[in-house]
Amino acid sequence: MIDIHAHILPDIDDGPKDWVESEALCCAMVSDGITDVIATPHQLGRFGNESCQPIRQKVDELNQKLKDSSVALTVHAGAEVRLDERIESLLDEEKILTLAGSKYLLLELLPEIALDITPLIGRLLSREIIPIIAHVERYPYYINSSKSPDVLSEAGAYFQVTASSLVGTFGSSVQAVAWHFLRDGNVAVVASDAHDTDYRNPQMTRAYEMIQHNMGVELADILCCQNPRCILNSEPLITPDQTFSSTANTFFS
Ligand SMILES: [Fe+2]
């Protein structure tokens, strides 16, 4: 599997504190069946990181350490970019990163308020940047059903759901919303959003097995393998069609 969203770089956000923790998380990813990971430290928001250079530098250093330790994981540079009015100008200035240099931008919405970002989505698409909404199942306004993210997908954004949400790590409400979005055919990619080897560990294999069990191996492959590879290669994503919805196990309704 390829993981397009993970916090694996040391001392840059709320992920690993140092190289020891960073390498331990990389080993956990290999054990979880991941061959390639896009490092996506937070950019903008409370962590700042308004520069690409430290991220690229740490990715290069981590790849060298993994090679020296014979850990079979390739790390690519990316970011989880918090919604900010400066996103377009920072893209122009090359201060924020897309996913592995592709046309896909991992965009984290504000947890407190559901802003109408359809104009921003349109402007990003017009410059051939395709937003992927990070962990769409974890925003409070989507969990309590006061808002629907459908308007974002209709505007051209894709959705990422987090593996551990499907497994149940964040509780039954988040789990139910995550499976609801999957059944609706609205999710393009599953990623770990791993931060550590404990509570926020990768969980990709368990999520893959649950999707396979509930909705079939074809969808599990699209969400955990094929679309992540498309993102890595900057290719068009496969859109899960509604046939998966009709075959979905209703256990998580
Ligand atoms: Fe994240």
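The chain averages a pLDDT of 93, and 95% of the residues score at least 70; pLDDT is the predictor's confidence in each residue, from 0 to 100. Over residues 246-253 the pLDDT is below 50, and this stretch has 11 contacts in the model beyond near neighbours in sequence. Two residues are in contact if their C-beta atoms, placed from the backbone, lie within 7 Å. The model is predicted: local features need pLDDT of at least 70 and side-chain atom pairs count only at pLDDT 80 or more, while totals for chains, interfaces and linings use all residues. Residues are numbered from 1 along each chain as its sequence is written.

**The whole chain**

Begin with every C-alpha atom displayed. Along the principal axes, these atoms fill a box of roughly 45 × 40 × 30 Å. The secondary structure comprises 11 helices and nine strands. Helices (H or I, at least four residues) and strands (E, at least two) are DSSP runs, numbered from the N terminus.

Colour next by burial. A residue is buried if 20 or more other C-beta atoms lie within 10 Å of its own, exposed if 12 or fewer, and partly exposed in between, with C-beta atoms placed from the backbone. Buried residues make up 47% of the 253 residues. Among contacts between residues at least 6 apart in sequence, 75% join residues at least 24 apart.

**The sheet**

Select the strands β3, β5, β6, β7, β8 and β9. They form an open sheet in the order β3-β5-β6-β7-β8-β9, with parallel pairing; two strands pair if DSSP finds at least two bridges between them. The edge strands are β3 (42-43) and β9 (189-191), each of which pairs on one side only.

Move to β5 (residues 80-82) and β6 (residues 104-108), which run parallel and are joined by three bridges. V81 stands opposite L107 in β6, and R82 stands opposite E108 in β6. All five of the five residues in β6 are buried. In a regular strand the side chains alternate between the two faces of the sheet. From β6, Y104, L106 and E108 point one way, and L105 and L107 point the other way.

Now select Q43, which lies in strand β3. Q43 counts as buried because it has 27 C-beta neighbours inside 10 Å. Leaving aside neighbours within four places in sequence, Q43 is in contact with N49, E50, A79, E80, V81, R82, I96 and L97. I12 is 31 residues from Q43 along the chain, and their C-alpha atoms are separated by 9.6 Å.

**The nonpolar core**

A nonpolar core is a set of buried Ala, Val, Leu, Ile, Met, Phe, Trp, Tyr and Cys residues joined through C-beta atoms within 7 Å. The largest one has 77 residues, of which V37, A39, I132, I133, V161, V189 and L223 touch the most other members. Helix α10 (residues 217-232) contributes the largest share of this core, eight residues. Centre the view on I133: not counting residues up to four places away in sequence, I133 touches L107, L109, P149, L152, A157, F159 and Q160.

**Helix α8**

Select residues 172-183, the 12 residues of helix α8, which reaches 16 Å from its first C-alpha to its last. This is close to the expected 16 Å, the expected span being 1.5 Å times one less than the number of residues. Buried in α8 are V174, V177, A178, W179, F181, L182 and R183. G185, which follows α8, has a positive phi, near 75°.

Go to E128, in the loop between α4 (118-126) and β7 (130-133). Although E128 is not a glycine, its phi is positive, about 65°. E128 is exposed, with 8 other C-beta atoms within 10 Å.

Q203, in the loop between β9 and α9 (204-215), is likewise not a glycine and has a positive phi of about 65°. Q203 counts as buried, with 23 C-beta neighbours inside 10 Å.

Finish at G156, in the loop between α6 (150-154) and β8 (158-162). G156 is partly exposed, with 13 other C-beta atoms within 10 Å. Not counting residues up to four places away in sequence, G156 touches I121 and L125. D221 is 65 residues from G156 in sequence, and the two are 22 Å apart in space, C-alpha to C-alpha.
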